[in-house]
Amino acid sequence: MKPTTLFAALLGVVIGAGGAIYYAKNVPVPASGPVSSAPSSIGAAQTLVLGQSVSGELTSKSFLNLSDGVRSSLFDVKAEAGQIIKISVSGPLRPQISVLRNGELVTRTQRCEDCPDSETKGQATTLGFKADFNDTYQVVVSGFNTSSYGPFQVVVDTLKAYTGEPLTQDQTIHDWALGGQKRYRLNIDKDGLYSLAMKAEQNSMDAYLKLMDRRGMELASDDDSGGGTDARLQVYLKAGEYIVQASSAMGAQNFQGGFSLEIKPEEMTGEIELKNGDSLTLDGDGKTGLFTGETQTYSFTLSEPKLVTVQMDAQGFQATMEVDSTSANQYGDEAGQQRVRSVLAAGEHQVKISGSNQAGLFVLSASEDGVPENAGGGVIRVGEPRQALMLQGITSDSYRLSVRQAGSYVIDMTSPTFDTYLTLRQNGQTVAEDDDSGGDLNARLEVQLEVGEYEIQAMSLGSYDRDMEYELSVKRR
């Protein structure tokens with residue numbers, strides 16, 4: 001394409017920061033009036049070679065968009081019909097990419113207006129397109145806004161196109177979306193743990209992945225577990241046929257461009273020591289279990305009240321852990337690390353793992369310690385206030401309440417140092433809950449109660465690095 005033709009092609013193209021793009025060389029403009037005509041030449045575009053990296057830089061002398069002041073660099077790349085081309089631009093300026101052919105816009109990145117600069121600055125920008133002709137395509141690398149200057153690296157490469165055969169384990173394919181959704185047959189020949197990952201070649205697609213059985217019944221789905229806007233599923237599959245569906249979480253109209261699908265078996269090292277229904281030993285030793293998407297329950301028994309810590313470290317998936325009715329809190333740096341630390345009464349207790357349609361290995365451990373003096377939890381009686389400590393690392397104390405006479409009751413939780421929260425439950429169902437009805441940051445429940453057994457969850461809205469004082473009381477009006 002001649003320089004003058006390229007200049008004409010760039011007129012009116014919407015890219016990068018938005019608005020009509022009107023490029024000109026950075027030449028002095030007479031002060032007598034606005035630009036009345038385009039320059040006759042804007043210089044030759046730099047040629048990109050597939051598989052090779054090329055350096056560039058946006059400066060005040062780069063091609064100028066007279067509409068919004070964004071600077072750009074121009075490149076050419078030769079492609080063959082049917083090739084899927086991936087363009088990757090890295091640099092500190094949050095680069096934007098557009099692709100043109102003979103003056104027509106082929107595709108462009110869609111910039112995120114609301115994304116904080118800290119989340120996108122320094123990240124590589126990628127864009128994919130499918131070449132429909134043997135021809136030279138123009139690649140325009142632009143800054144995010146008028147202050148986007150600096151060096152960058154641009155790499156253009158080809159991706160092997162998917163030919164339509166069924167997917168198999170330990171395989172990666174590349175395909176192209178033109179809206180809607182795409183379905184693939186998946187054949188698994190061995191029972192095991194598998195990961196399915198979908199990665200878009202352009203930031204705006206927002207990959208969405210769904211796994212179904214051969215009849216089309218959904219087994220699992222995911223949006224962003226692959227990092228950023230990529231999707232990832234980790235599931236336990238038995239040998240057989242499945243359907244994998246790829247689409248966009250932003251709707252069918254945004255399922256445009258290149259993407260990859262990777263099917264990979266996950267190694268299951270070590271022995272599976274826990275089975276659903278097993279009893280736990282309170283020695284602190286971790287034991288390995290396999291979560292397959294179905295709720296799993298374990299139990300342990302206390303001969304006297306103890307301070308119990310239960311931890312779950314899930315590998316490659318997220319699930320919910322509960323001890324009795326107390327939900328675990330996340331700890332550590334990984335989303336799958338959860339912990340419950342609570343004073344529990346004598347008797348049998350249950351640990352439940354649920355709430356995920358994915359699968360994976362996990363390590364579960366439980367330990368017991370003596371109950372510190374004034375530690376929260378246990379029994380609360382009507383008319384007998386409890387002065388208690390919310391122990392370090394604990395955000396919820398559980399109390400048993402026996403109501404012997406139906407009527408109106410007031411339950412108060414007050415603390416001079418932390419924000420309190422109350423939940424009243426019966427037979428596993430929430431009866432009432434409150435945050436600040438007691439004034440300031442204190443919780444209060446005013447409830448009508450029938451004769452029966454109840455559970456009070458006295459909670460802290462926050463975690464602290466020391467023991468915290470509070471008072472819990474139940475009064476009948």
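## Basis and strand pairing

Two strands are said to pair if DSSP finds at least two bridges between them, and strands (E, at least two residues) are themselves DSSP runs, numbered from the N terminus. The model is predicted, so that local features need pLDDT of at least 70 and side-chain atom pairs count only at pLDDT 80 or more, whereas totals for chains, interfaces and linings use all residues. Residues are numbered from 1 along each chain as its sequence is written, and side-chain values use heavy atoms, with hydrogens and water left out.

Strand S13 (residues 171–178) and strand S20 (residues 256–265) run antiparallel and are joined by eight bridges, with Thr-172 having Glu-262 in S20 as its bridge partner. S13 is mostly covered, six of its eight residues being buried, where buried means under 20% relative accessible area, exposed over 50%, and partly exposed in between (1.4 Å probe, protein chains only).

Strand S14 (residues 182–188) pairs in the parallel sense with strand S12 (residues 167–168) over two bridges, and there Asn-187 of S14 is the bridge partner of Thr-168. S14 is also joined by seven bridges to strand S19 (residues 240–248), the two running antiparallel, and Arg-183 has Gln-245 in S19 as its bridge partner.

## A four-stranded open sheet

Four strands in the order S31-S38-S33-S36 form an open sheet with antiparallel pairing. Its edge strands, each pairing on one side only, are S31 (386–390) and S36 (443–449). From one strand to the next the twist averages 20 degrees, the axes being lines fitted to C-alpha atoms and the angles running from 0 to 180 degrees between N-to-C directions.

Within this sheet, S33 (residues 407–414) and S38 (residues 468–476) pair in the antiparallel sense over six bridges, and Thr-414 stands opposite Glu-471 in S38.

## Nonpolar cores

A nonpolar core is a set of buried Ala, Val, Leu, Ile, Met, Phe, Trp, Tyr and Cys residues joined through side-chain atoms within 4.5 Å. The largest has 30 residues, and those with the most contacts inside it are Leu-422, Ile-456, Tyr-470 and Leu-472. At least two of its residues come from each of S31, S32 (396–403), S33, S34 (420–426), S36, S37 (452–460) and S38.

Not counting residues up to four places away in sequence, Leu-472 touches Ile-380, Pro-385, Arg-386, Tyr-399, Ile-411, Asp-412, Met-413, Leu-422 and Ile-456, contact meaning heavy atoms within 4.5 Å. Another core, of 27 residues, lies apart from the largest one and includes Tyr-162, Tyr-184, Leu-233 and Ala-246.

## Individual residues

Thr-309 lies in strand S23 (residues 306–314) and is buried, because its relative accessible area is 12%. Leaving aside neighbours within four places in sequence, Thr-309 is in contact with Arg-339, Val-340, Arg-341, Ser-365, Ala-366 and Ser-367.

Gly-227, by contrast, has its place in the loop between strand S17 (218–222) and strand S18 (231–237), and Gly-227 is partly exposed, because its relative accessible area is 39%. The C-alpha atoms of Gly-227 and Lys-199 are separated by 9.3 Å, although these residues are 28 residues apart along the chain.
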